[in-house]
Amino acid sequence: MPTKLAGTFTPENVKAWTKKIVKELEFGQFRRHKWDWASCTDIDAGTACPLVWAREANSFVCSYVLKTDPTGKEASGTYYDGAAPIIEMQIAKGARLV
């Protein structure tokens, strides 16, 4: 699905998608969330922060993936349309590691 969002995996497409997400973090839809996402960034805190991140990501399995497509086989159409914003948000959360 990220390939469908960003295009084929080329340096140009990756750079363009990265710029789009950074713009959303700075000025767009993720701006108000970025400080919450950065509240747990201490990689020296053992497993505390990674467990928080894993729970966050896993919550989408229950709230969207299994609820919307229990067979796990659909990757297009309305399922994709609903999953795309979740994928972009999860990628944007990677900014907490910068």
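**Exercise 1. Determine how helix α2 packs against helix α5 and which residues form the contact.**

Solution. In this predicted model, local features need pLDDT of at least 70, side-chain atom pairs count only at pLDDT 80 or more, and totals for chains, interfaces and linings use all residues. Residues are numbered from 1 along each chain as its sequence is written, and side-chain values use heavy atoms, with hydrogens and water left out.

Step 1. The axes of α2 (residues 11-27) and α5 (residues 77-92) lie 10 Å apart, at an angle of about 80°. Because angles of 65 to 115 degrees count as roughly perpendicular, α2 is roughly perpendicular to α5.

Step 2. Helix α2 contributes Trp17, Lys20, Ile21 and Leu25 to the contact (heavy atoms within 4.5 Å), and α5 contributes Ile87, Glu88, Ile91 and Ala92.

Step 3. By class, six of these residues are nonpolar, none is polar and two are charged.

**Exercise 2. Decide whether Glu88 is buried or exposed, and identify its side-chain polar contact.**

Solution. Step 1. Glu88 belongs to helix α5. Its relative accessibility is 9%, so Glu88 counts as buried (under 20% relative accessible area; exposed means over 50%).

Step 2. The side chain of Glu88 makes a polar contact (a pair of N or O atoms within 3.5 Å) with the side chain of Lys20, at 2.8 Å.

Step 3. Apart from neighbours within four places in sequence, Glu88 touches Leu5, Trp17, Lys20, Ile21, Gln29 and Phe30.

Terms used:
Axes fitted to C-alpha atoms, helices over the stretch in contact; angles between N-to-C directions. Helix = DSSP H or I, 4+ residues; strand = E, 2+ residues; numbered from the N terminus. Parallel < 35°, antiparallel > 145°, perpendicular 65-115°, else oblique. Nonpolar A, V, L, I, M, F, W, Y, C, P; charged D, E, K, R; others polar. Buried < 20%, exposed > 50% of the residue type's maximum accessible area, 1.4 Å probe, protein only. Polar contact = N/O pair within 3.5 Å; in protein donor to acceptor, adjacent residues only side chain to side chain.
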